[in-house]
Structures are given as structure tokens and as C-alpha cells.
Amino acid sequence: MGDATKRLLQRLIRRTRIQMLKTTLEKWDRLTLAQRQSMVFIQSKSAITEKLLSICEENEWTVKHIAELEMIHVMDNPNQGMWYAFRLMDPEDDAHSVELMQFKEQFKSLLHELVRHVSVKIKKHADEAIWIRIAWGDGFSQPNHLKPTYVVHYLQTPFVFVTSITSKQKPLLSQALTVSTRHQDLKNANLSGRKLTAIRDLLMQQYPQVFPTNFPGHTAENNQMESNPRRVKEQAGLEADRLRMAHKAFGDGMLPELESAVYELETKFNGHANGTMTDREQPFRCVVKFTSTNLLESLRQCASSGIVSTVTPLFSSIPRSGKNYFVITNKSHGSSSKTSNITEPQILDSKD
Amino acid sequence: MFKFVSGFYCSIVNMERGHSSGVKTPPTRGVVQKSKNKTYQQSYRSCLRASSRFALTPALTARRLNTSRRAPRLHNITEKVRPEHLDILMKTEWKLAYVTPLYQFRHTQLQSYSRQLSEFIAAEKQQGLAVEVEGLQSSFRVSFSVVPGMTEADDDAETVLIQIHSKPMFARQDKPQKPVWSGWLTCINGNPDYLQSLPQDFICLPLFGSSGSEVLTRLVQSWFQQTFDCCFGCLEISETCLHWLAALWTNCHSESSIQRLKLIWTIPVKPVLQVTYTVNPQDAWDLWSDIRKEPGEENEGEDGRSVDIEEVTRFIQGLKNHFYKHFKLDLSAGPLQQVSTALGSAKYSGRIKISSSRYMITTLTLLTEGALLKMPI
């Protein structure tokens, strides 16, 4: 049994909880009945590792088998590591009719052409997503299974999610993906996060949306019915307004658990009434990062509690455009007059 | 001589409340037990408002940090302090505490103190207090040393460094040992009135920093309390102090690049929102120098002009306003938690890390002042 196989298996066990390991092994279904019965999951991890390594020897598993096991594990626990979202651009005419088998064959053959030694595994998940695991090698060395790239793509949509890819590998992946899905280009969608489910829901707008109506109707007014009618809240009107503003921007249901948003500000300084800073033409460069366990929920709370006086387009564009990385500059007019000292910040379409 | 009253009542008012209450200032705080020869120790606060002891002063004026201080100059501390000491002090994050003056602490008896402290730790261990840090350790070896060259004013006592090394069962002679716990006591530019009013036997080293396990920190502190009749208390770095650090560090950018000015706030919503505001160093410097020039004074070019609290406040307010214009979120809604630049980082919880020896003295001066203010005596 190769050294690589052993290391991969050891690392997988080390990083997995015992209960989760049991479920994953059952799903994988490559242990014989006798072997399954001999595995006792109440032991310590080192004992389990020893047992699994001996079973691995017995069954003569190769690194490809263990890679498959790892893939099953990651598919069930996608909310680890850092995921980056991409968007396929400029579909060709037959982009909508790309089928799974066709995609699989083309992608694999393209990648094998581009990279001499590469190991590709493609699986379909229950929710129609295609999962791809790529172990990269190069002209001289075998594929490195310890640093695989995972790619998730929903066929016939332009969305792709990638984890653990280097800048050298990205153009190769990009080329293989664009050709096999019949698009022209793969662009950075400026959305990233640890939870795949969260960024997927945000980008593909799979969470309770709010639609602007002229007749608000239900919403939060109903909650006030059960409180004592003799108790009058002094700022009830203002509170209701704030709540409405918060719901308008972020909806009133569960929000995808985005963890952070980064804004690179390159706008003119706007902090003082006088002073030479406001006359300065160069931008005041700073980077603002908002982090939270559930960022959109925090922002919604900020709006409804009044910490934020209005929900600016900077915040509302997170759910609206499904991004969490923005570069803000001033709008460039034809001739900027020196007297106006407030220019509207504009969200620039971010760099690739 | 007179006794030190350790359990006295004092109402320490929160430094951050800026409004003045029209309350009559109570005459003295804490210790005044007059002895036969009429020497008495002034409380720190009475030193600050010497002239107005019985007047109707707003209760808070005296309890703030100095409203103006000298602009930090490049200190060639490397000339005065040995590099191995600097190495120990820099690049570690220290947890701060304040210490009341130490009774009969002698810089000449450090050897004996080392022995006493290691015996104390061994005794505590025997009593069953768990001090095991890693693996099998038979005992600890403590070393007290003086760090000469760090003091600025004449009244400052020399800095003392304490290190605890573990003595493993099978001592390996070849490996140089890293200490499992380090700490120091220092006083940099302490208030001279206060220091001079201390009686003969007392030494004031109000700032204590420690790095290592909590258990050992508590042991060291209780040994000090027993031996020198002093009190320890945890020192938070107040928001004003953090503002000062942000401004003073930015002021140093022209001489040595700060690489970035990073400020971290937390906003009290559920779930907690953390805002990290990182400013480009050159732009921060431009803003700061713009504020320094503002009242139209013609004192340009000299670097000895002192920095005023107003300028610091305007600097931070300017940054907050710029933020507000974009996000409509007032950063005053939540506490400022951390300030960090290439010169060091300071956290509200009382942790400090000094990454550059050149401005170490300025930072320590500010922290010494904070410790002296927080001290109940």
C-alpha cells in the first residue's frame, strides 16, 4: 500500500469526527460484512486508524479508493474550507442542452489533454449538483492527492463554486470548464465564504425573497396584536418604519449564513467640513471588512434597531447581486466641480 | 511608620463618561494616616489636582489621562537596552495588570527573590495546585533580572524581568530553554509628584505584563502580594488610550512606516458584527498632519510640539465620519476593541504587543499612566 494512500487515509480520519466517519464508511460501502462488524467505533482515533489501515492492506485499496472516500465525506460536509464563486459568461447556443454524460466525458478528456498527470473524479449529488475532485500533477510528478481541488457546478446554470485552487491551476480549470459547458469565459463572481450552502443560496437566490409591492399588508404589524392594548409604545411608528426598511433590503425569512463582506474604498475623503483633506483629489484608501457568524442577519438587525440610519446600496447589494467583495470609487463626471464636496460613491464592477 | 490601608473604599469613576457632574469632590481618596513625624503619602489623584483639593471641581477632570503629551520621538533604545532584553519584550503579546507600590522591594536582592519564588511555586504544587504546563516537570527555575536602560525620568525605578523556565526530569543541556512564563514590572515616565511623595521603603512599578499560563501568573501575583504587600488588578486599555495609541503611532509614519492603521469595532447586534477598518498608512498620515495644522498656527517644522487630546479626537472622528458617509453606520454604536499597526497592537481587553523597539518608550509611557490612574491608591 502506497505511502500516499496511507497518508491520505490518516489525514481523513484525523480531520473527521468518529460518528461522521461511520456514516461515510457506510455510504462508501466497500467494506465487507466481516470487516464492518470488526470496526468498533467507540475506540480512540488511533485505534480506529490502525484498524482501517489494516483493512486497507487487506482489501488492497489504492489512493483512488481513498480519494473516493474523501470525496463522499466532503460532499456531505461542504461547509469547510474556503469556497469561491465563479460565473460562466457568454453562453453559446447549445449551452442549455449540455447533458451530464457529455459534460463528464468532455471535461475529463480536456483536462487530461491540458495536464499530463491529473486525476479527475466526477459525481452527481442528490440535489443535481455535479461534484468534481481534481488532484493535480504536472509533467514530472504524479497527482498530489493531498491538495485536491473541489468544483461544484449546477448544469445548465452559469454558477461554479471552487475550493483550494492555485493561480496556476485556475486557467486550466477555466478552459476545461468553459469548453465543456459551451461558454466563452469564466469570471470571478466576487463571492466567497466558508459555507458552500450559504454562498450557493445567496448566489442562486434560493432563500425567502422579498418582492416590492405597493400593498404591504401582513408583515410585522401582526406581532403587536398580542401585547396589552393599554400599553402604547411611544416610538411604534418609527420602529415599524425601521423594520419595514430592514425587511425591504433583506427579507424577513432565514438568510444564508454569509460570514464576511469586504469593501475596498477608494473615494474622496469625506470626514470633515473644512480642512485640506476634502479638497484633495486623490482617494482616501481604506478597506472595511464586516464579519459575523451570520452577516446578513447582523445587518438586518442593525437596520431594524436603528444603528444604521438607512440601508445604503452598499449593504443592500450583497443580497441583490450576490457578492461580498466590492470596490467603491467615486462616480467620474465629465468635469468635476471643486465646490461639490460630496460625490456619490459608486460600486465598481470588481476586478477578476 | 504608617500602615498601608489595603481595604479602603474608593469610588473609581469610569474615565469614559465625559460629562461633568456638578458634584462636590470629596477631599481625599484612600490613604491618609498621619504618623508622628507628619509625613504622609498623597494619593495619586490628589497630586493631579493639587490646587483644587477643596474646590468644586468636576469629579472627572483629574481622572483622565494627560490631555496633552509630547509627540513620540524616535528613541534609540537599542543603544541603551541590550538586544536580548529587547527580543524578550517585543513580539510577544502581554496581558497587562496594574500593581500598587511594592514595600521593601530591593533591586539588589533579585537572586534571593528568584529562589523564594521557585520555592513558593514548588510548595503550591505540593499542596495540590495544578501547575503542570506540559509533560513531566519536576520543578521550575525562576530568574529575576533587571533590564537597565529603559527608564526615562529620574524617579523611575528600573524595569524588572521575571522568567520561569521548566526544569524537566532529564535535563538536556544542549537545547536552550524557552521560558514557560515571562513577566515584567516597569515604570516609564511616571508622574514625578506621585513618585516623590512615596515614602522611603516603597518602590513604584505600576505596570505589570505577563505571558504564559494563567495559573503561573496568579501564583507570581500572589507571591508578590504576600511578600511586598501590594495589590494587582487587571488593566483594560480604555478607549481613550486606544485613540491615543492610534494617533501616536500614525504620527510616527514619517519616520518609520506603520504599514497600515487597523481599527476593530464590535457592534452590539445579535449575532455580533465586527467591523475591521484598515486605512492606508500614507492616507492616515495625510489626515493626521492635516489635523495638526488646522488651527492655523504657524509652528511648522518642529517636532517638539505636543499632541493634544483634541487633535486625537478629531482624527478618530474624521475616520468615523468618512465611514458614516458610506455605510450610514455610526461606529460609536459599539466599543473599539483593537488598534494595530506595524509598530504594535493593543486590545481593549488589556493585551499589548510591541513590534518595534523604536517607539516602545512612548507606548509604555502611555500604559504606565493608565496603570497609575487605575491604581486604587
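The legends below describe close-up views of a predicted model.

Local features require pLDDT of at least 70 and side-chain atom pairs count only at pLDDT 80 or more, while totals for chains, interfaces and linings use all residues. Residues are numbered from 1 along each chain as its sequence is written, chains are lettered from A in the order in which they are written, and side-chain values use heavy atoms, with hydrogens and water left out.

**View 1. The largest nonpolar core has 144 residues.**
A nonpolar core is a set of buried Ala, Val, Leu, Ile, Met, Phe, Trp, Tyr and Cys residues joined through side-chain atoms within 4.5 Å; buried means under 20% relative accessible area, exposed over 50%, and partly exposed in between (1.4 Å probe, protein chains only). The residues with the most contacts inside this core are F161(A), Y263(A), F290(A) and F224(B). Its largest share, 8 residues, is contributed by helix α7 (residues 239-251) of chain B; helices here are DSSP runs of H or I with at least four residues, strands are runs of E with at least two, and both are numbered from the N terminus.

**View 2. Surroundings of Y263(A).**
Leaving aside residues up to four places away in sequence, Y263(A) touches residues of chain A including F290(A), L314(A) and I328(A), and also F327(B). Contact means heavy atoms within 4.5 Å.

**View 3. The interface of chain B and chain A.**
The two chains bury about 3,000 Å² between them, 61% of it on carbon and sulfur atoms; buried area is the accessible area (1.4 Å probe) that two parts lose on being put together, summed over both. H322(B), H326(B) and F327(B) supply 23% of the area that chain B buries against chain A, more than any other three residues. The contact involves 36 residues from chain B and 40 residues from chain A.

**View 4. A salt bridge between R285(A) and D283(B).**
Their side chains meet at 2.9 Å, N to O. A salt bridge is a side-chain nitrogen of Lys or Arg within 4 Å of a carboxyl oxygen of Asp or Glu. Across the interface of chain B and chain A, 1 salt bridge is found.

**View 5. Salt bridges within chain A.**
R11(A) and E70(A) pair at 3.4 Å, N to O. R11(A) belongs to helix α1 (residues 3-15) and E70(A) to helix α5 (residues 63-76) of chain A, 59 residues apart. K195(A) pairs with E257(A), their closest N and O atoms being 2.5 Å apart.
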